Amino acid sequence: MTPNLNQVEIQVNKEESDKMDHEVRQNACLSEDQETIEQTEPMAHENQDTTEQAEPMAHENQDTTEQAEPMAHENQVTIEQAEPMVQENQEMTKQTESMLHENRESVEQIEVMVNENQTESKTEAKSC
């Protein structure tokens, strides 16, 4: 059984319709892509401008960092050298505080003895 002419025409028309539908969809996608490109192009230019402006600052920051690194190292060495001196100062401060406390106790004892001597002197002076 061979297909009749109408069936062949229907099949051809369906294939052509499918092909045209595919092309329409493809063109719609291309149109959307073109719109997206047109919308994003100004942002891309703006990003490029921002990048070009930022590059010298990035180089300047890199230069500053490179200049600061030796100073940071030098500071670290200074801190390491100072730590034993700080510790020694803390120990001397503790010793000084201890001696101060001892001196205050001695002063209090001397004051007591001076007061006792003054009282004895007054008592002896009254008895004369």
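Colleague: Does Arg25 count as buried or exposed, and at what relative accessibility?

Modeller: This is a predicted model, in which local features need pLDDT of at least 70, side-chain atom pairs count only at pLDDT 80 or more, and totals for chains, interfaces and linings use all residues. Side-chain values use heavy atoms, without hydrogens and water, and residues are numbered from 1 along each chain as its sequence is written. Buried means under 20% relative accessible area, exposed over 50%, and partly exposed in between (1.4 Å probe, protein chains only). Arg25 therefore counts as exposed, at 55%.

Colleague: How far apart are the closest N and O atoms of Lys14 and Asp18?

Modeller: Lys14 and Asp18 are separated by about one helical turn, because they are four residues apart in helix 1. Lys14 is partly exposed at 47%, and Asp18 is partly exposed at 44%. The closest N and O atoms of this salt bridge are apart by 3.3 Å.

Colleague: Where in helix 1 does a kink lie?

Modeller: The bend at a residue is the angle between axes fitted to the seven residues ending there and the seven starting there. The kink is of about 35 degrees and comes shortly before the proline Pro42. The residue is Thr40.

How values were computed: Helix = DSSP H or I, 4+ residues; strand = E, 2+ residues; numbered from the N terminus. Salt bridge = Lys/Arg side-chain N within 4 Å of Asp/Glu carboxyl O.
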